[in-house]
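Hello,

Here is the structure I promised to pass on. Have a look at it first, and my notes on what turned up follow just below.

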Amino acid sequence: MTEVSPELDQTANYPFHRDPEIPVVVPLCGAHGIGPYSPEAAATIKVPPKPPHIEQLFHVPKPPPSAISPQRLPGADPESTATLIRTLSHNHITWHIFFNYKHFHNHAPHHLLAIWALGASGPVIEAAYATHCVYQRPALESPGHITQDNLHKHLNDERYYSAYLKFFTAELLKRGFSECLAEYVLSPAANCTRDGEEQPAMLSRFLMGVLHPFIHTGYGAEFGLTGVSAEGLAMTAVHASNPDLIDRNWFPDVVSEPDVKGSTRSALTILSLIVCDPRLSNIKRIDSGNVLNEGVKRFGAIIREYVEMWKFDISSEAGLADAVEELSWVNSLIYGVGGYVSEQRFIADFFLMHLLTSSLFLPTLLAHVSKYSSRRLLLLSYFTTSLVYYVARGRPRPDIRAFYQGTQHLLHKVPGTHTSPAPGTLPDPSSDLAQTPNTWLPLIQDTIVHPNEHLCKAQRALAHYSTLYGTRPKGWALELSRPEGRSLSAAQLAREDEAEEKVGLKELDGTVFLRIAMLTQNRLGWMREGEHEDHWDFNGFYAEDAA
């Protein structure tokens, strides 16, 4: 391997720096350059030819695969779509999936697809991509090929990213996304081998790295882009694993086709119980680079107890939609209501924000899973991962009553220059509603042009949930768990009722998504309206910080 340039710091968050004024040119030959980059070494590396099927990998995005997948806003046109295809193609053949040597992920496809779906123009998409090019790591040609025979031999080895990318690209083009997801992520063979051998654990890899492989693959599936799906599966393969994250008994070879009908205890009730569990009090700080692994080690057994309580219907599309909705609410509450401290302070936690943005891809990925047992496996594994991150970041206690009292003023006011409504404007020219009749519209406008690549993902998720679930009235959440369907004692039922009361679950309604979106935009900055860019929070919610 070529020696690392002496000025390259492999411990840095951003080891690569390029002049943003100098455009990055698509190479005549295809990808891959080198990993430990130096200009001198780059000139000596022979690169493979450009993939002949690039147009099969990146094209006009396909419609969403599910009725509850996110829909696209008006705004896409030939120019913006051509820019999207060109930038995604360039990213695919030019950059590694990790932009540094600490396995920080390439987010360019997420950013570009999210703002295209929100209606961004071609120049905005081009400018967004440029913000990523200045620090991306050149892709590395792998030392060897990946085949069926050595598929699991080079897992967690980032040098083999391009080889896995080539392998999964060929498999996706030949077999389609659904079959590849089933065989290479969800099957027992992709996760469990004979005793004594190292486990492939592909599903745990899929959920590692703050759920980035799940998110990246989800983008490919949502937009029908084989190139992005292949990147996500290759990212999965070169991620570390944690076999302890997922219960072996959840796999299809243990539970064939479970017939679970009727939700008897909701995910929201389970969240309420976790919030009130004294065993999970006073969480000690966990290093940000080890949140999931340490969380599984400390709290995995307790969290698995709670996940096993969740009952849902996986035998019908309606039941599956209900399960997805519950997880969407849970992760929105964890991030948004959990982060609310007071009217003056909102903690937009970087890790918990990923629970929100990843949940957006549940309906899309599940649309490609036909086996009931695999649906159950994916839902239980995702719920477990979400709860581990929640507890391991300090288990912020959502107070829904205080949240609603402190955010009422956010529903119809945005910062910036206001208009002067003419006489006759509805409902009254002096009303806030005349200035901002739909708060989502200026919020989305600002989101599209904000340079933070996570903000557009978070706001797109919240806007989608507002579209689907915004009509839910207060009290609806208490109807999800039916006592008659649970074999519980009076004391156990009283414990659940008490937990739901402490959290304030009966106050929850469909305005929660807009409230969270406004708090998030306020935290990151309304740049279109003249505010400076701000950032996510990384400190967590640990006991020593509250002392």
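Cys276 touches Arg395, Ala499 and Lys502, leaving aside residues up to four places away in sequence; contact here means heavy atoms within 4.5 Å. Please keep in mind that this is a predicted model, in which local features need pLDDT of at least 70, side-chain atom pairs count only at pLDDT 80 or more, and totals for chains, interfaces and linings use all residues. Residues are numbered from 1 along each chain as its sequence is written, and side-chain values use heavy atoms, with hydrogens and water left out.

Back to Cys276. You will find Cys276 in the loop between helix 10 (267-275) and helix 11 (291-309). Helices (H or I, at least four residues) and strands (E, at least two) are DSSP runs, numbered from the N terminus. Cys276 and Glu500 are 224 residues apart in sequence, yet their C-alpha atoms are 9.3 Å apart in space. With 23% relative accessibility, Cys276 counts as partly exposed, whereas Cys192, at 17%, counts as buried. The cut-offs are under 20% relative accessible area for buried and over 50% for exposed, with partly exposed in between (1.4 Å probe, protein chains only). In case you were wondering about disulfides (pairs of cysteine sulfur atoms within 2.5 Å), the structure holds zero of them.

Arg395, one of the partners of Cys276, deserves a look of its own. Arg395 sits in the loop between helix 15 (372-392) and helix 16, and its phi is near 50 degrees, a positive value in a residue other than glycine. Arg395 counts as buried because its relative accessibility is 6%.

Next, helix 8, which covers residues 202-223. How far apart are the end C-alpha atoms of helix 8? They are only 23 Å apart for 22 residues, short of the 32 Å that a straight helix would reach; that expected span is 1.5 Å times one less than the number of residues. Helix 8 bends by about 125 degrees at Val210, and Pro213 follows within four residues. The bend at a residue is the angle between axes fitted to the seven residues ending there and the seven starting there. Leu211 also belongs to helix 8 and has a positive phi of about 70 degrees, although it is not a glycine. Leu211 is buried, with a relative accessible area of 0%. Just after helix 8 comes Gly224, with a positive phi of about 65 degrees.

One more backbone detail: Leu426 and Pro427 are joined by a cis peptide bond, with omega at about -10 degrees. Pro427 is placed in the loop between helix 16 (400-407) and helix 17 (432-435).

Finally, the wider view. The protein chain has 22 helices and two strands, and buried residues make up 57% of its 547 residues. The largest nonpolar core holds 160 residues, and Trp310 and Phe214 are among those that touch the most other members. Such a core is a set of buried Ala, Val, Leu, Ile, Met, Phe, Trp, Tyr and Cys residues joined through side-chain atoms within 4.5 Å. Of the contacts in the protein chain with a separation of 6 or more, 78% come from residues 24 or more positions apart.

Best wishes
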